[in-house]
Amino acid sequence: MFDTRTGRKLVEVHNLKMHFPIHAGFFRRRVGEVKAVDDVSFDIYEGETLGLVGESGCGKSTCGRAVLRLYDITSGSIRISGQEIGDAGFQRLRPMRPTMQMVFQDPQASLNPRMTVARIISEPLDEHTRLTRAEKTDRVYELMDAVGLNRDFANRYPHEFSGGQRQRIGIARALALNPRFIVCDEPIAALDVSIQAQVVNLLEELQDRLGLTYLFISHDLSMVRHIADRVAVMYLGKVVELAPRDALYETPKHPYTEALLSAVPEPDPSIETRKKHILLKGDVPSPANPPEGCNFCTRCPKVMDICHKVEPSTFKVAPGHSVACHLYSETIQKTAGETAAIEAQESTQQGE
Amino acid sequence: MPDGGLPVLDVKDLKTVFRTRSGEVHAVNKVSFDLRPGELLGVVGESGSGKSVTMMSLIGLLPSPPAEVRSGQVMFGGEDLLKVKEERLRALRGARIGFVFQDPMTSLNPVFTVGYQIMEPLRKHMGLDKKEARKRARELLELVGIPDAGRRLSDYPHQFSGGMRQRVMIAIALACDPEVLIADEPTTALDVTIQAQILELMKELREKLGMAVIWITHDLGVIAGIADRVMVMYGGQVVEQAPVRELFGNPQHPYTRALLKTVPSVSGERAEKLAVIEGQPPILSAEPAACPFRARCPQAFDRCARENPARVPVGPGHDAACFWDPETGGPRNV
């Protein structure tokens with residue numbers, strides 16, 4: 001849990017916005033923008049894992065990349081161990097890169113097929129350190145040991161490895177410069193179940209040993225429950241709920257979180273056949289043209305009139321637990337809470 | 001629920017080999033199973049376990065070369081599908097056996113309207129004229145829950161979302177009222193909330209239409225909610241087969257037992273450390289002479305390296321291919 005750790009904030013993100021322009025027509029005029037990440041704020045404490053979950057297109061990967069400043073962000077502030085990097089230029093960012101690294105989703109695409117494992121892992125060392133060749137080789141071996149790769153394979157190429165082993169190469173590369181903060185962008189999505197557990201256990205073990213801080217991006221809610229200390233749920237570019245892990249999974253507050261959790265099939269037929277699924281209607285709206293008011297109002301089973309007009313602000317419902325939903329605003333909580341409970345019962349409807 | 005009648009599909013000792021430049025890959029080895037009327041058979045396994053190749057072999061969908069269905073028998077409606085001519089297979093595929101594939105974007109043709117693609121099997125297999133086919137196509141889209149079906153018929157695949165495209169695929173598969181529907185990871189490419197919609201739709205359709213379904217997936221959660229019976233595949237073989245509750249409640253094969261433990265859940269106890277199946281799946285360069293799981297198996301003993309275990313009955317409707325008995329904690333008497 002985050003409160004049992006050091007309690008020092010390593011990453012602070014405030015009002016982060018990442019909008020991508022849409023160009024159209026003969027003159028490629030700017031006709032709109034995709035609000036991939038729209039006004040997102042969160043902190044990550046030292047040594048903790050913050051899980052970032054959501055469905056495809058909700059902006060979770062963009063958010064992770066923006067936090068590492070792989071994009072020029074539209075606006076907002078990002079502080080890593082107190083240093084503002086939101087507006088930093090290339091020159092100022094470069095010396096900070098070693099502290100913040102990334103593990104990518106697809107280990108097939110993120111490793112250069114023409115480089116050997118040793119060269120892949122030592123590339124960050126070439127860029128950022130002045131180690132001698134022998135020192136580099138030692139460091140590469142050390143890293144390969146740390147992630148459970150056989151040293152004898154140092155001169156092999158990525159295609160000679162399985163998916164799980166390739167992901168280990170990616171993790172070794174991310175660790176090369178002794179980072180403090182690692183963004184893991186769906187690191188297990190491309191792996192088989194039995195291999196997923198191996199990689200997750202490795203990430204946890206490295207965290208304990210090296211005191212790493214993770215932003216763990218995933219669409220797999222059950223795996224996030226396993227690895228994260230706190231969890232942020234994103235929908236259409238916004239964080240709709242942020243809470244300590246157990247609070248989020250046991251007492252989800254936002255209607256979207258509730259629906260998302262209920263949609264995950266349980267690997268147990270006696271639970272699964274009895275479980276009441278909240279079925280959401282329709283699809284996620286386009287982030288280029290989000291609905292007015294609350295982004296979730298088009299699919300929300302507890303939708304109220306106000307949701308179509310006013311964007312909800314974020315309310316604190318418990319220590320460390322915040323929700324962006326009108327159900328929890330104090331002024332309408334009393335009256336709306338009751339009607340919402342009735343609506344919720346009615347809205348466990350079938351399909352579309 | 002299965003009504004226990006004669007199987008609609010009966011597969012015996014199916015063996016499929018891929019010939020590649022660097023040697024043979026024995027992807028499917030002596031796979032036997034049957035599918036009873038109206039039941040949903042779940043097939044679970046990791047990538048490379050042979051689950052898709054098995055189903056593609058049944059109906060001649062594998063490109064040959066490199067694939068070669070080397071032996072076996074697939075009885076469907078009194079015919080052996082491995083012996084019949086290609087034209088006959090073509091008449092069965094899409095008419096009496098329907099398919100839904102994993103990726104709804106790549107399995108629909110982007111240059112034809114959705115309506116055209118649904119009408120194609122109706123006109124080819126059922127000989128409907130254009131007007132009748134269009135009417136039926138519209139009914140099918142309504143059946144799979146696509147709003148404004150009449151107008152959507154003239155839309156192209158890219159105008160549909162992922163979940164909607166998968167609904168279109170299901171509509172095409174159901175067009176000619178198949179007796180068997182083979183669904184290969186139909187919800188894997190979809191988000192959980194959309195997956196929940198498709199699973200619900202599938203349950204409804206089975207009640208309405210009563211066809212038998214083979215559902216391939218790697219997601220044990222999906223299987224738990226939808227299947228009547230489950231077949232677990234590993235290394236190109238069936239290692240365990242049982243009714244769904246029996247399989248989850250009383251798994252017998254060490255692979256199934258380990259697989260159930262490695263999967264975290266969103267409710268219930270949260271394990272501090274995930275259980276792990278160490279090692280990698282086997283490379284099937286020859287027909288396995290020993291148990292394919294032995295290198296990763298915590299229970300493996302000397303016999304496992306000498307023989308490949310056959311499937312033996314271990315309970316009502318339940319069989320497993322293993323020499324080890326979890327009840328006694330020792331070797332099984334087989």
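Me: How do you know that strand 11 and strand 12 of chain B pair?

Reply: In this predicted model, strand 11 of chain B and strand 12 (residues 318–320) of chain B are joined by 3 bridges. Pairing requires at least two bridges between the strands, so these two strands count as paired. They run antiparallel, and one of the bridges links B:P313 with B:D319 of strand 12.

Me: What makes strand 6 and strand 11 of chain B edge strands?

Reply: The open sheet of chain B has 8 strands in the order 6-7-8-3-9-10-12-11, with mixed pairing. Strand 6 (97–100) and strand 11 (312–315) each pair on one side only. From one strand to the next, the twist averages 25°.

Me: Which strands of this sheet does helix 1 of chain B touch?

Reply: Helix 1 (residues 51–58) of chain B packs on the sheet and touches strand 3 (40–44), strand 7 (180–184), strand 8 (212–217) and strand 9 (229–234). The direction of helix 1 makes about 145° with that of strand 8. Helix 6 (residues 162–174) of chain B also packs on the sheet, touching strand 6 and strand 7; its direction makes about 170° with that of strand 6.

Me: How do you know that strand 1 and strand 2 of chain B pair?

Reply: Strand 1 (residues 9–20) and strand 2 (residues 23–35) of chain B share 9 bridges in the antiparallel sense. The requirement is at least two, so the two strands count as paired. B:R19 has B:E24 of strand 2 as its bridge partner, and a hairpin connects the two strands through 2 residues.

Me: Why is B:D13 called exposed?

Reply: B:D13 has 12 C-beta neighbours inside 10 Å. The limit for an exposed residue is 12 or fewer, so B:D13 counts as exposed. This residue of strand 1 of chain B has a positive phi of about 45°, although it is not a glycine.

Me: Why is A:R28 called exposed?

Reply: A:R28 has 9 C-beta neighbours inside 10 Å. Since exposure requires 12 or fewer, A:R28 counts as exposed. A:R28 lies in the loop between strand 1 (9–24) and strand 2 (29–45) of chain A, and its phi is near 50°, a positive value in a residue other than glycine.

Terms used. Residues numbered from 1 in each chain as written. Chains lettered and ligands numbered in written order. Predicted model: local features only at pLDDT ≥ 70, side-chain atom pairs only at ≥ 80, totals over all residues. Helix = DSSP H or I, 4+ residues; strand = E, 2+ residues; numbered from the N terminus. Axes fitted to C-alpha atoms, helices over the stretch in contact; angles between N-to-C directions. Contact = placed C-beta atoms within 7 Å. Buried ≥ 20, exposed ≤ 12 C-beta atoms within 10 Å, placed from the backbone.
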